[in-house]
Amino acid sequence: MGEQITGYTRKEALKMNISQIAAPEHLDLAREMTTGRTSWAGLTTGELEIVTRDGQRVMFDVSLRLVCRKGKPVGVQGIAP
C-alpha cells in the first residue's frame, strides 16, 4: 500500500531519510518526531505531509517510535495508516 501511495519501492524507502520525503514546511516537525523530542514514553504521533515520487502531497497520521541500541538512536519505526 505504501508503495502505491508514495511511488517509492520498499527497497528505495528503506534507504531514504525523512528529510527526503517530508514536505518542506513539515521538515522541522519530522525531525522532532524522529529524534524523540516530541515523544511521550518513546512514542510520537501526529500529522505529517510527504511529497510522493511524482511531486504530489499526501497527509499521513503517523505513529513513530525511536529505536535505540546501547542507549543511542539508530532508527525510527513507524506506521502511517
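Glu25 is exposed, at 54% relative accessibility. Here exposed means over 50% relative accessible area, buried means under 20%, and partly exposed lies in between (1.4 Å probe, protein chains only). The model is predicted, so local features need pLDDT of at least 70 and side-chain atom pairs count only at pLDDT 80 or more, while totals for chains, interfaces and linings use all residues. Residues are numbered from 1 along each chain as its sequence is written, and side-chain values use heavy atoms, with hydrogens and water left out.

**Salt bridges**

Glu25 meets Arg57 in a salt bridge, side chain to side chain, at 2.4 Å from N to O. This pair links distant parts of the chain. Arg57 lies in strand β2, Glu25 lies in the loop between α3 (18-21) and α4, and the two are 32 residues apart. A salt bridge is a side-chain nitrogen of Lys or Arg within 4 Å of a carboxyl oxygen of Asp or Glu. How many salt bridges does a search of the whole structure find? It finds three.

| Salt bridge | Distance, N to O |
|---|---|
| Arg53 and Glu12 | 2.3 Å |
| Arg57 and Glu25 | 2.4 Å |
| Arg57 and Glu49 | 3.1 Å |

Arg57 also forms a salt bridge with Glu49. Shared partners join Glu25, Glu49 and Arg57 into one network. Arg57 itself is partly exposed, at 42% relative accessibility.

The salt bridge of Arg53 and Glu12 spans 2.3 Å, N to O. This pair, too, links distant parts of the chain, 41 residues apart. Arg53 sits in the loop between β1 and β2, and Glu12 sits in helix α2 (residues 10-15). Arg53 is partly exposed at 46% relative accessibility. Glu12 is partly exposed at 30%.

Is Glu49 buried or exposed? Glu49 counts as buried because its relative accessible area is 14%, under the 20% limit. Glu49 belongs to strand β1. Its side chain makes a polar contact with the side chain of Arg57, at 3.1 Å. A polar contact is a pair of N or O atoms within 3.5 Å; within protein, one must be able to donate a hydrogen and the other to accept it, and residues adjacent in sequence count only if both atoms are side-chain atoms.

Contact in general means heavy atoms within 4.5 Å. Leaving aside neighbours within four places in sequence, Glu49 is in contact with Ile21, Ala22, Ala23, Glu25, His26, Arg57, Val58 and Met59.

His26 is placed in the loop between α3 and α4. His26 is buried, with a relative accessible area of 14%. Not counting residues up to four places away in sequence, His26 touches Glu47, Leu48, Glu49 and Met59.

**The nonpolar core**

Nonpolar side chains tend to be buried together in soluble globular proteins. A nonpolar core is a set of buried Ala, Val, Leu, Ile, Met, Phe, Trp, Tyr and Cys residues joined through side-chain atoms within 4.5 Å. The largest one here has 11 residues: Tyr8, Ile21, Ala22, Leu27, Ala30, Met33, Leu48, Ile50, Phe60, Val62 and Leu64. Which elements each supply at least two residues of this core? They are α4 (27-35), β1 (43-51) and β2 (57-69). Ala30 is in contact with Ile18, Ala22 and Leu48, leaving aside its neighbours within four places in sequence.

**The hairpin**

Strand β2 runs antiparallel to strand β3 (residues 72-79), and seven bridges join them. Two strands pair if DSSP finds at least two bridges between them. Val67 has Gly75 in β3 as its bridge partner. The two strands form a hairpin with two residues between them. Lys70 lies in the loop between β2 and β3. Lys70 is not a glycine, yet its phi is positive, about 55 degrees. Lys70 is exposed, at 87% relative accessibility.

**The whole protein**

The protein has four helices and three strands. Their order from the N terminus is α-α-α-α-β-β-β. Helices (H or I, at least four residues) and strands (E, at least two) are DSSP runs, numbered from the N terminus.

Of the 81 residues, 22% count as buried. Among contacts between residues at least 6 apart in sequence, 31% join residues at least 24 apart. The accessible surface comes to about 6000 Å², and 53% of it belongs to carbon and sulfur atoms. Accessible areas come from the Shrake-Rupley method with a 1.4 Å probe; for residues, only the protein chains shown count as cover.
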